[in-house]
Amino acid sequence: SSMPKPARYGENHYALTSAMKMTIRSTAGRETNKTMKAKLLKQLGRLETEAEDLRNQLGISKRGELLFQAPRSFWSERDVVVEADGRGGATLLIVEGNYPADYTTHLEKRFRNEDDACEAAERICAPIQPVSLYHGA
């Protein structure tokens, strides 16, 4: 009477069926997630292509594209940089360091128009006209 009773068929069957159901649900869930992810990635690709086509039609740059970079002045350690926002606008930055990898931003100004941002950057970098110390001879 100290021997364990053998399990009844119904109890083992239920335990096995329950574990199998969990495995099936889990596997089905992964497959559904993979299928959903594949569909979303395909949709993302189509949207990116459509956005690129629209940018080409509008004549605007993609987000993060470098539109302008020049030293602020001849001896300056700071650069003037303009980055496109992908929606027709741009950000003008005055940076110090190794742009774009390791730098400090000293000034950041947003423009609604890429051309306006580049023109402002050019004005900042415009060379100062030397003053003549010699007045006519």
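A residue is called buried when its relative accessible area is under 20%, exposed when the area is over 50%, and partly exposed in between, as computed with a 1.4 Å probe on protein chains only. The structure is a predicted model, in which local features need pLDDT of at least 70 and side-chain atom pairs count only at pLDDT 80 or more, while totals for chains, interfaces and linings use all residues. Residues are numbered from 1 along each chain as its sequence is written, and side-chain values use heavy atoms, with hydrogens and water left out.

Asp85 is buried, with a relative accessible area of 11%. This residue is found in the loop between E2 and E3; helices (H or I, at least four residues) and strands (E, at least two) are DSSP runs, numbered from the N terminus. The side chain of Asp85 has a polar atom 2.7 Å from the backbone nitrogen of Arg87, and the backbone nitrogen of Gly88 lies 3.3 Å from a polar atom of that side chain. A polar contact is a pair of N or O atoms within 3.5 Å; within protein, one must be able to donate a hydrogen and the other to accept it, and residues adjacent in sequence count only if both atoms are side-chain atoms. Not counting residues up to four places away in sequence, Asp85 touches Arg63, Ala90 and Arg110, where contact means heavy atoms within 4.5 Å.

Two strands pair if DSSP finds at least two bridges between them. Arg78 stands opposite Glu96 in E3. E2 and E3 form a hairpin with 5 residues between them, and Gly86 in the turn has a positive phi of about 85 degrees. Strand E3 is also antiparallel to E4 (residues 102-111), with 9 bridges between the two. Here the hairpin passes through 3 residues; Asn98 has Asp102 of E4 as its bridge partner, and Gly97 has Tyr103.

Helix H2 (residues 114-125) has 12 residues and reaches 17 Å from its first C-alpha to its last, close to the 16 Å expected at 1.5 Å a residue; the expected span is 1.5 Å times one less than the number of residues. In H2, Glu114, Ala117, Cys118, Ala120, Ala121 and Cys125 are buried. Seen down the helix axis, these buried residues fall within an arc of 160 degrees, so they line one face of H2; the arc is that of the directions from the axis to the C-beta atoms. The face turned away from the buried side carries the exposed residues Asp115 and Arg123. At the N-terminal end, Asn113 caps H2 through a side-chain oxygen that lies 2.6 Å from the backbone nitrogen of Asp115.

The buried residues of H2 pack against strand E1 (66-71), E2, E3 and E4. A nonpolar core is a set of buried Ala, Val, Leu, Ile, Met, Phe, Trp, Tyr and Cys residues joined through side-chain atoms within 4.5 Å. The largest such core has 13 residues, of which Phe68, Val80, Val82, Leu92 and Ala121 touch the most other members. E1, E2, E3 and H2 each supply at least two residues of this core, and the largest share, 5 residues, comes from H2. Leaving aside neighbours within four places in sequence, the contacts of Val82 include Phe68, Leu92 and Ala121.
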